[in-house]
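I opened this notebook to keep track of what I looked up in the structure. The entries follow the order in which I went through it.

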Amino acid sequence: MTDSQLIREIKDGNVQLYSELVSRYERKILAFIYHMLKTSRLEAMSEDLCQETFYKAYRSLQTFREVEASFSTWLYTIARNTVLSELRKQKNGKVSLEQSGYTPQTAFETLPEQTMLRNEKVFMVRDAINNLPEKQRSALILREYEQLDYQEIANILEQTVSSVKSLLFRARASVKTQLEPYFLEPILEEYEGMK
Amino acid sequence: MKCEEVQDMLGTYWDFSEDDSDRIAVDVHLETCSSCSEEFNIWRESMTLIHTSAIRLVDPVKTSRIRSSVMDRIYSDEAWRIPIPDRVYSISYRLRMKMTVIIASCLALFMIGFIYSILSEDSLSLKGDNLSGLFPAASALGDGNIDSPNNSGTFKFVPVASISDPFFLKVNPIQSFPDYLLAISLLGLFCALLIMNWLSRIRA
């Protein structure tokens, strides 16, 4: 059953099917929220925000028009707004990942040395991304982590495609500039050697 | 392509497809320009770092927890949407146990009555024709003529307004103990199920 069929059924009152719709997107939305949250005391909060996103989506499902955006794009928009609203409320976006003791899992092997290097690397990149202005940060996360295309990102951020290209260019350039000093450090050489 | 143009394109180079003409032009330039190539390597390293720091969620428990929380929240707001099978759990455990005992008793009663009626079938050996209380009064099998009364004073063939053979309704009265058991057990079973259904609706 396609998303459209599911949504039609749910709108007709077959609410049980919403569980199926949630199961299709929960991992993507949860990962997106993880990436969007600047701190990681928020690990537990990311689940709550994910739940809140799907709940809000259900409450607004009657107003959802598929001609305007795909369901996934619509969900990302809700998730982003939910996270930004929460970050505004918390106002603790400056707590660093190291302080929190958060060790996110990436697609790498987990030998002790590799884990340490990975964590260093992740903190470094996350710091660089967290320092970006909000729209650049969102655009970069949606493009690099969620693999969305320009048009989808434009819909989510309510920007034109050319603005999205510009945002991405500036975001990547800024991250590159921030990471550049680390490129010559031994940690990365070691890391490359391990690869 | 000039170096300035290539430098401007390095930020969006990563979004180009393999066969994109701009990407091919940049690749061709990089083969011949060492300074642009060096800059490109820094960009590539930066992009690799971004990609490799992606968080991979591997815990299915978390996601199933999210799903059930969302559905619970929806159902708590709109209780009438809870599926019927799930609503049974809104009935208290003690009441469910009582209803289960009643249903089990009815089923047991039904089985006993059924087996008893089978075993005692021969002894009863009831003839349906005699028990129905209906007797054939006329038949349309004749040639349509009214025969003269026979010796006993009755008509042999009586014409009726029918185009088919007469139908004899054979309804036997409940006249044995096992039949009563079967009827009572089925009645009890249906009543118990209807009550369960009703309770699940009003308590959800």
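Before listing any contacts I wrote down the rule: two residues are in contact if their C-beta atoms, placed from the backbone, lie within 7 Å. I also noted that this is a predicted model.

**Entry 1: a pair of helices from two chains**

I looked up where α9(A) meets α3(B). From α9(A), the residues are V175(A), K176(A) and L179(A). They meet I42(B), W43(B), S46(B), L49(B) and I50(B) in α3(B). Sorted by class, the residues of this contact are six nonpolar, one polar and one charged.

Next I checked how the helices lie. The axes of α9(A) and α3(B) come within 9 Å and cross at roughly 95°. Angles of 65 to 115 degrees count as roughly perpendicular, so α9(A) and α3(B) are roughly perpendicular to each other.

**Entry 2: the whole contact between the chains**

How many residues does each chain give to the contact? I found 38 residues from chain A and 28 residues from chain B. On the side of chain B that touches chain A, the elements giving two or more residues are α3 (34-52) and α4 (60-77) of chain B. Of the elements on that side, α4(B) gives the most, with 10 residues. I then sorted the side of chain B that touches chain A by class, and got 13 nonpolar, eight polar and seven charged residues.

**Entry 3: chain B by itself**

I counted nine helices and zero strands in chain B. Read along the sequence, the pattern is α-α-α-α-α-α-α-α-α. Chain B has 204 residues, of which 10% count as buried. I also looked at contacts in chain B between residues at least 6 apart in sequence, and 69% of these join residues at least 24 apart.

**Entry 4: the nonpolar cores**

Which residues have the most contacts inside the largest nonpolar core? They are I29(A), I33(A), A139(A) and I153(A), in a core of 49 residues. Helix α2 (residues 18-36) of chain A supplies the largest share of this core, 10 residues. There is a second, separate core of five residues, and V6(B), L10(B), V26(B) and C36(B) are among them.

I followed up I153(A). Leaving out residues up to four places away in sequence, I153(A) touches A139(A), L142(A), R143(A), L148(A) and V164(A).

**Entry 5: helix α8 of chain A**

I153(A) belongs to helix α8 (residues 150-157) of chain A, so I listed what is buried there, the cut-off being 20 or more other C-beta atoms within 10 Å. The buried residues of this helix are Y150(A), E152(A), I153(A), A154(A) and I156(A). Their cover includes α4 (71-90), α7 (134-145) and α9 (161-179) of chain A.

Most residues other than glycine have a negative phi.

I found Q147(A) in the loop between α7 and α8 of chain A. Is Q147(A) buried or exposed? Q147(A) counts as exposed because it has 10 C-beta neighbours inside 10 Å, and the cut-off for exposed is 12 or fewer.

E158(A) follows α8(A) and sits in the loop between α8 and α9 of chain A. With 9 other C-beta atoms within 10 Å, E158(A) is exposed.

Technical notes
Residues numbered from 1 in each chain as written. Chains lettered and ligands numbered in written order. Predicted model: local features only at pLDDT ≥ 70, side-chain atom pairs only at ≥ 80, totals over all residues. Helix = DSSP H or I, 4+ residues; strand = E, 2+ residues; numbered from the N terminus. Nonpolar A, V, L, I, M, F, W, Y, C, P; charged D, E, K, R; others polar. Core = buried A, V, L, I, M, F, W, Y, C linked by C-beta atoms within 7 Å. Axes fitted to C-alpha atoms, helices over the stretch in contact; angles between N-to-C directions. Parallel < 35°, antiparallel > 145°, perpendicular 65-115°, else oblique.
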